[in-house]
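Hello,

Here is the structure we talked about handing over to you. Have a look at it first, and then read on for what turned up.

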Amino acid sequence: QVQLLESGGGSVQAGGSLRLSCAASGYTYGRYYIGWFRQAPGKEREGVAVLGTDGRFTYYADSVKGRFSISQANAQATVNLQMNSLKRDDTAMYYCAAAAPPLPVRFLFDVNKYNDWGPGTQVTVSS
């Protein structure tokens with residue numbers, strides 16, 4: 001079991017930035033894929049970004065590519081999601097999740113492949 005806790009959410013103006021953090025415990029850091037997902041009211045949960053084992057690769061949804069960046073903190077079991085140029089459509093509850101490798105590319109955003117989830121952190125973007 002991997003325990004995850006998100007932080008860093010809040011309310012920002014369109015065009016602004018936020019950095020979300022996912023603190024992980026109960027596992028060997030770097031041995032899991034860490035994904036960021038989001039869910040807006042009335043919509044399905046969707047993948048945002050994935051960090052591969054040991055940070056060896058990143059994968060992004062087309063809707064956030066070039067604006068969001070996923071990375072791991074050097075000295076701790078923490079994965080960050082830097083969000084820039086935020087838009088109203090980015091408003092959602094954001095979750096981090098852990099999946100055991102290997103995962104084919106076609107399954108990187110499949111919520112059913114992620115066994116452990118954090119409680120989420122709310123991001124609200126106003127215009």
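Let me start with N80, which is found in strand β8 (helices, H or I with at least four residues, and strands, E with at least two, are DSSP runs numbered from the N terminus). At 11% relative accessibility, N80 counts as buried; here buried means under 20% relative accessible area, exposed over 50% and partly exposed in between, with a 1.4 Å probe and protein chains only. The side chains of N80 and S21 are joined by a polar contact of 2.8 Å. That term stands for a pair of N or O atoms within 3.5 Å; within protein, one must be able to donate a hydrogen and the other to accept it, and residues adjacent in sequence count only if both atoms are side-chain atoms.

Before going further, a word on the source: this is a predicted model, where local features need pLDDT of at least 70 and side-chain atom pairs count only at pLDDT 80 or more, while totals for chains, interfaces and linings use all residues. Residues are numbered from 1 along each chain as its sequence is written, and side-chain values use heavy atoms, with hydrogens and water left out.

Now the sheet around β8. Four strands form an open sheet in the order β1-β3-β8-β7, with antiparallel pairing (two strands pair if DSSP finds at least two bridges between them). The edges are taken by β1 (3–7) and β7 (68–72), each with a single partner strand, so one side of each is left without a neighbour in the sheet. From one strand to the next, the twist averages 15°; axes are lines fitted to C-alpha atoms, for helices over the stretch in contact, and angles run from 0 to 180 degrees between N-to-C directions. Inside this sheet, β3 (residues 18–25) and β8 (residues 78–83) run antiparallel and are joined by six bridges, and R19 stands opposite Q82.

Next comes β4 (residues 33–39). Six of its seven residues are buried, so β4 is largely enclosed by the rest of the structure. On β9 (residues 92–99), β4 has an antiparallel partner over seven bridges, with F37 opposite Y95 and Q39 opposite M93. β4 also pairs with β5 (residues 46–51), again in the antiparallel sense, over five bridges, and there G35 faces V50. These two strands form a hairpin with six residues between them, and G42 in the turn has a positive phi of about 80°.

β9 is mostly covered too, with seven of its eight residues buried. It pairs in the antiparallel sense with β11 (residues 121–126) over three bridges, where M93 stands opposite Q122. With β10 (residues 116–117), β9 makes an antiparallel pair over two bridges, and W117 is the bridge partner of A97.

Best wishes
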